[in-house]
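Here's a quick walk through a single chain, from a couple of side chains out to the whole fold. Have the viewer open as you read.

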Amino acid sequence: MLSIGEFSKICGVTTKTLRYYAEIGLLTPDEIHPENGYRYYSIKQLKKMLFINRLKSYHFSLDEIKVVLEREEDQSEEKLVTVLLRKQREMYEKRNALDYTIKQLNHDLLKMEQGIPMMAYLDNIEVQLVETQPIHILSLRQVMTSDDYATGYRKYFSKLYKRIATEKLTLLGTPITIYHSPEFNPAGNDTEFALPVAEAVMGTRDLPGGLCAKSVCKGPYSELTSVYARLREWVEKEGYELVRSPYEVYVTEPDHANVPEELVTGVYFPVRKK
C-alpha cells in the first residue's frame with residue numbers, strides 16, 4: 001500500500017486533487033485508517049491514476065472520464081476506441097478553428113496596416129430579398145445551452161437521420177436549424193433541429209414559405225454572428241420587420257467539410273414590409 005503522499009509523488013497529482021477525486025467518486029483510496037483517517041492506495045491503482053491523467057491530457061472532462069472508467073469495468077476496448085475517436089474528432093475541429101482564427105487575425109492586421117478598418121468586412125456581406133417555398137420538415141425541438149450546441153447539433157440531427165432510415169422516409173434537403181428564442185440566453189435557447197422530408201408523419205410540420213432577407217455565411221460558424229448583425233441592420237434600414245423565427249440551412253453539412261473555410265450556411269430572416 002502507498003500513502004496518499006507517496007501516491008501523489010509517483011503520479012504527479014497533488015494530494016488535494018486526490019482528495020477531490022475521492023469526493024466525486026473518480027478514484028477512492030483502497031483503505032482509510034479508521035482511527036487517524038490516513039488514506040492508502042494500492043499499487044494497482046497507479047495504473048488507473050495514470051489512465052486518468054492520460055485522458056485529462058486528451059482534454060476529457062472529469063465527468064467524461066467517470067463514464068470512460070465505468071465502461072472500462074466492462075473490459076470493452078471497442079467502447080473505449082469509440083470514445084477516443086470522438087474526442088480525436090473534437091480536437092481536430094478545435095485545431096481547425098484555432099488555425100482559422102489565427103488566419104483571420106493575420107488578415108485583420110494586414111488590412112489595418114493598409115488603413116482599412118477591422119470591421120469594414122461587414123459592409124461586404126451581401127443581403128438578398130428572396131421568396132421561399134414552404135418546406136415540409138421532420139424536427140426535434142430542444143432547449144439548448146450555449147455549451148450544448150457543439151455536441152447537440154450532432155446528437156439531434158443523428159436522431160432525425162436515424163428515424164428517416166428506420167421509417168424509410170424521403171430526405172429532400174440538408175439540415176435546418178430554427179431559433180425560436182426571442183433573445184440569447186446562455187442558460188438555454190429554444191432550438192428546433194429539422195430535416196426536409198416528403199412524407200407527412202408524426203413529428204413533421206410545414207416551415208412556411210414567404211419573403212425572407214437572406215445572406216450566406218462562408219466559413220466557420222463563429223462568423224454567423226456577423227451575418228446575423230448585417231441582416232438585422234439591413235432589415236431595419238430597408239423598412240422591414242421580422243415576422244417569424246430566423247433559421248439556418250446548412251448547404252454544407254458539418255461532417256462533409258474538411259476545414260472550416262469549406263462550410264456554407266444560408267441564413268434566413270422571414271420579413272414583411274412595415
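Buried, here, means under 20% relative accessible area. K87 comes in at 7% relative accessibility, so this lysine counts as buried. Keep in mind that the model is predicted.

So what surrounds K87, apart from its neighbours within four places in sequence? The contacts are Y58, H59, F60 and E64. K87 itself lies in helix α5.

Setting aside neighbours within four places in sequence, Y21 touches L26, L27, M49, I52, K56 and L62. G5 is 16 residues away along the chain, and its C-alpha atom is separated from that of Y21 by 15 Å.

| Residue | In contact with |
|---|---|
| Y21 | L26, L27, M49, I52, K56, L62 |
| I65 | L26, I52, L55, K56, F60 |
| K87 | Y58, H59, F60, E64 |

Nonpolar side chains tend to be buried together in soluble globular proteins. The largest nonpolar core in this model has 20 residues, and the members that touch the most others are F7, L18, L27, M49, I52 and I65. Which elements give two or more residues to this core? They are α1 (4-11), α2 (15-23), α3, α4 (62-72) and α5 (77-113). Helix α3 gives the most, with four residues.

The buried residues in α3 include Q45, L46, M49, I52 and L55. Its geometry also checks out: α3 covers residues 44-57, and at 1.5 Å a residue its 14 residues should span 20 Å, which agrees with the 21 Å between its end C-alpha atoms.

Three strands make an open sheet in the order β1-β3-β2, with antiparallel pairing. The edges are β1 (2-3) and β2 (31-32), each of which pairs on one side only. Strand β3 (residues 39-41) pairs with β2 over two bridges in the antiparallel sense, and within β3, Y40 stands opposite E31. As background, strands of a sheet pair through backbone hydrogen bonds, either parallel or antiparallel.

Zooming out, the chain has seven helices and 12 strands. How does its radius of gyration compare with that of a compact globule of 274 residues? The globule would be near 19 Å, but the chain has 25 Å. Along the principal axes, its C-alpha atoms fill a box of roughly 80 × 55 × 35 Å.

Buried residues make up 35% of the 274 residues. The accessible surface of the chain is about 17000 Å², and carbon and sulfur atoms account for 54% of that. As for contacts between residues at least 6 apart in sequence, 69% of them join residues at least 24 apart.

Notes. Residues numbered from 1 in each chain as written. Predicted model: local features only at pLDDT ≥ 70, side-chain atom pairs only at ≥ 80, totals over all residues. Heavy atoms only, no water. Expected span 1.5 Å × (residues − 1). Buried < 20%, exposed > 50% of the residue type's maximum accessible area, 1.4 Å probe, protein only. Pairing = 2+ DSSP bridges. Core = buried A, V, L, I, M, F, W, Y, C linked by side-chain atoms within 4.5 Å. Contact = heavy atoms within 4.5 Å. Rg over C-alpha atoms; globule rule 2.2 N^0.38 Å. Areas by Shrake-Rupley, 256 points an atom, 1.4 Å probe, with all protein chains shown as cover.
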